[in-house]
Amino acid sequence: GRKESVYGKGEPGLAMPSVVNMVRPHYPREAMNSKKEGVVAVSCVVGVDGSVSDVTVTQGLDPVLDAEAVAAAKQWRFLPGTKDGKPVPVSITLELTFTIR
């Protein structure tokens, strides 16, 4: 099968996906203890079923936190993006924040 085109922001006629369920990343104790805080940015593809795939870290903090961010991002659920009224895969960026509460 032909690989489906993945659309990105700014595409004419494209409605971006909207978040239905966000999952906070797990903040490992050792990272908390070492006072690592910040944002991990990941790019991913929201499929026509609203699931997240192809998660890659575009701005990392620390290997442990980056892995937690990817794991969390994969559990997010969206209403899929649409182009001309039909669901299409859309590439988006998510930012997962690690802050010490």
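Mentor: Nine bridges join strand β3 (residues 38-46) to β8, and the two run antiparallel. This is a predicted model: local features need pLDDT of at least 70, side-chain atom pairs count only at pLDDT 80 or more, and totals for chains, interfaces and linings use all residues. Residues are numbered from 1 along each chain as its sequence is written, and side-chain values use heavy atoms, without hydrogens and water.

Trainee: What makes two strands a pair?
Mentor: DSSP must find at least two bridges between them. Strands are DSSP runs (E, at least two residues), as are helices (H or I, at least four), numbered from the N terminus. Here, G38 has F98 as its bridge partner in β8.

Trainee: Which residues form the covered face of β8?
Mentor: V90, I92, L94, L96 and F98. The uncovered face holds S91, T93, E95 and T97.

Trainee: Where does E37 lie?
Mentor: In the loop between α1 (29-33) and β3. E37 counts as partly exposed, at 41% relative accessibility. The scale: buried is under 20% relative accessible area, exposed over 50%, partly exposed in between (1.4 Å probe, protein chains only).

Trainee: Which residues does E37 contact, leaving aside its neighbours within four places in sequence?
Mentor: Contact means heavy atoms within 4.5 Å. E37 touches Y27, L61, F98, T99 and I100. E37 and F98 are 61 residues apart along the chain, yet their C-alpha atoms are separated by 5.2 Å. The E37 side chain also reaches the backbone nitrogen of I100 at 2.6 Å.

Methods
A polar contact is a pair of N or O atoms within 3.5 Å; within protein, one must be able to donate a hydrogen and the other to accept it, and residues adjacent in sequence count only if both atoms are side-chain atoms.
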